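Visitor: I would like to learn how to read a structure like this one. Please show it to me.

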Amino acid sequence: MNTVYLQEITTIRERGQMTIPQRIREALKIPIEGNVLVKIETTKSGLKLEKLPNASPQVMKKYVTKDIAEEKWQQLSETAKKPNINLTKFISDDRKKH
């Protein structure tokens, strides 16, 4: 199997978001739809990025029971009914924290 080494330049934007260039995605066979797990490691010269299989032991699946989901939905519904809550601002502020 021949390994192809590619080099591309990309930008890490203000909120830490990095777009993987199309040629790299094609070489790694990253699908357009769906999620792909990657492992990022720091190295002396920068970063190392590795695509992980979906069945990787590093993948932790989170399961939410029906009771917890209903409880969270109820909490959200009650919050939305409060007169001084701006949900758009709340969601925007929450996203900035992550």
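Visitor: Is methionine 18 buried or exposed, or does it count as partly exposed?

Guide: Buried means under 20% relative accessible area, exposed over 50%, and partly exposed in between, with a 1.4 Å probe and protein chains only. Methionine 18 counts as partly exposed because its relative accessibility is 34%. This is a predicted model, in which local features need pLDDT of at least 70 and side-chain atom pairs count only at pLDDT 80 or more, while totals for chains, interfaces and linings use all residues. Residues are numbered from 1 along each chain as its sequence is written, and side-chain values use heavy atoms, leaving out hydrogens and water.

Visitor: What does pLDDT say about the chain?

Guide: pLDDT is the predictor's confidence in each residue, from 0 to 100. Where it is low, the predicted coordinates should not be read in detail. Here the chain has a mean of 79, with 86% of its residues at 70 or more.

Visitor: How many salt bridges does a search of the whole structure find?

Guide: A salt bridge is a side-chain nitrogen of Lys or Arg within 4 Å of a carboxyl oxygen of Asp or Glu. The search finds four. In one of them, arginine 23 pairs with glutamate 8, with the closest N and O atoms 2.9 Å apart. Arginine 23 lies in helix α1 and glutamate 8 in the segment before α1, so the pair ties together parts 15 residues apart in sequence. Helices (H or I, at least four residues) and strands (E, at least two) are DSSP runs, numbered from the N terminus.

Visitor: Where do aspartate 93 and lysine 89 lie?

Guide: Both are in helix α3, four residues apart, about one turn of the helix.
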